[in-house]
Amino acid sequence: MAIPSAKLLFSAVAVFMLVSASFATSEMPFMVVHKKATLNRLKSGAERVLVSFDIYNQGSAAAYDVTLTDNSWDKKTFEVVNGNTSRTWERLDAGGILSHSFELEARVKGRFHGAPALVTFRIPTKAALQQAYSTPLLPLDILADVPPTDLLALAKRMLAKYGSLVSVISMVVLFVHLVATPSSKSNAAKGSSKKKR
């Protein structure tokens, strides 16, 4: 039973390698789109979200009419303060990079899960628009209560989190030290008893 499944696995790997090799040699763009969001708390208490994109063409051909669209920001929750949530470029050469960013202001407190942005582009050999998606965002805690940053508060949090672990490790180290090293009083007592004999 193991031999036929091994042959099947070997055949599947061989077919995969042939198919991937044919795609690797073809003249096509290959888009990698990285989406990143950074939170910035203002002194007024408002919070801004800076969203940035880097679009990489890792393929061997240029992409044309490249359009980035990010519709994952609800207008009830966020207001666009700077820039646009979509942008179009005429061309992205092979090995090239395009960047875009915009800034939002949060209106509602809560956890936000952003969807990937959509990038559409055209290649000369195909009539249909090609699509690529950006990396998704990690969940953002919008207008979350910021923990105190002073040193005393940090020490209290660390003590609360790791205090029991540190005390147990300290006790074990102290015990090992006491067992492994003889005390000086016992050596002195042994020395004085030898002299009396």
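In which strand is the place of His 100? Select His 100 and you land in strand 6 (residues 97-106); strands here are DSSP runs of E, at least two residues long, and helices are runs of H or I, at least four residues long, numbered from the N terminus.

Before going on, a word on the model: it is predicted, so local features need pLDDT of at least 70 and side-chain atom pairs count only at pLDDT 80 or more, while totals for chains, interfaces and linings use all residues. Residues are numbered from 1 along each chain as its sequence is written, and side-chain values use heavy atoms, with hydrogens and water left out.

**Stop 1: His 100**

Stay on His 100, which is buried at a relative accessible area of 10% (buried is under 20%, exposed over 50%, partly exposed in between, with a 1.4 Å probe and protein chains only). Now show Asn 84: its backbone oxygen lies 2.8 Å from a polar atom of the His 100 side chain. That is a polar contact, meaning a pair of N or O atoms within 3.5 Å; within protein, one must be able to donate a hydrogen and the other to accept it, and residues adjacent in sequence count only if both atoms are side-chain atoms. Leaving out residues up to four places away in sequence, His 100 also touches others, including Val 51, Phe 53, Leu 68 and Trp 89 (contact means heavy atoms within 4.5 Å).

**Stop 2: Asn 57**

Next, pick Asn 57 in strand 2 (residues 47-57). Asn 57 has 0% relative accessibility, so it counts as buried. Which backbone atom does its side chain reach? Display Phe 30 and look at the backbone nitrogen, 3.2 Å from the Asn 57 side chain. Beyond neighbours within four places in sequence, the contacts of Asn 57 include Pro 29, Met 31, Ala 62, Leu 92 and Gly 96.

**Stop 3: salt bridges**

The model has 7 salt bridges, each a side-chain nitrogen of Lys or Arg within 4 Å of a carboxyl oxygen of Asp or Glu. Select Lys 35 and Asp 70, whose side chains meet at 3.2 Å, N to O. This pair links distant parts of the chain, 35 residues apart: Lys 35 is in strand 1 (residues 31-41), and Asp 70 is in the loop between strand 3 and strand 4 (78-82). Lys 35 is buried at 3% relative accessibility, and Asp 70 is buried at 2%.

Move to Arg 48 and Glu 105, another salt bridge at 3.2 Å, N to O. Arg 48 lies in strand 2 and Glu 105 in strand 6, so the pair ties together parts 57 residues apart in sequence. Arg 48 is partly exposed at 23%, as is Glu 105 at 22%.

Then show Glu 47 and Arg 41, which meet at 3.8 Å, N to O. Glu 47 is buried at 5%, whereas Arg 41 is partly exposed at 35%.

**Stop 4: Asp 65**

Select Asp 65 in strand 3 (residues 63-69). Its phi is near 50°, a positive value in a residue other than glycine. Asp 65 is partly exposed, at 36% relative accessibility.

**Stop 5: residues 162-180**

Finally, select residues 162-180, listed by UniProt as "transmembrane region" in an unreviewed entry; such annotations may be inferred rather than shown by experiment. The stretch is 100% helix and 0% strand, with its end C-alpha atoms 27 Å apart. Pick out Leu 165, in helix 2 (residues 151-180), which is partly exposed at 48%.
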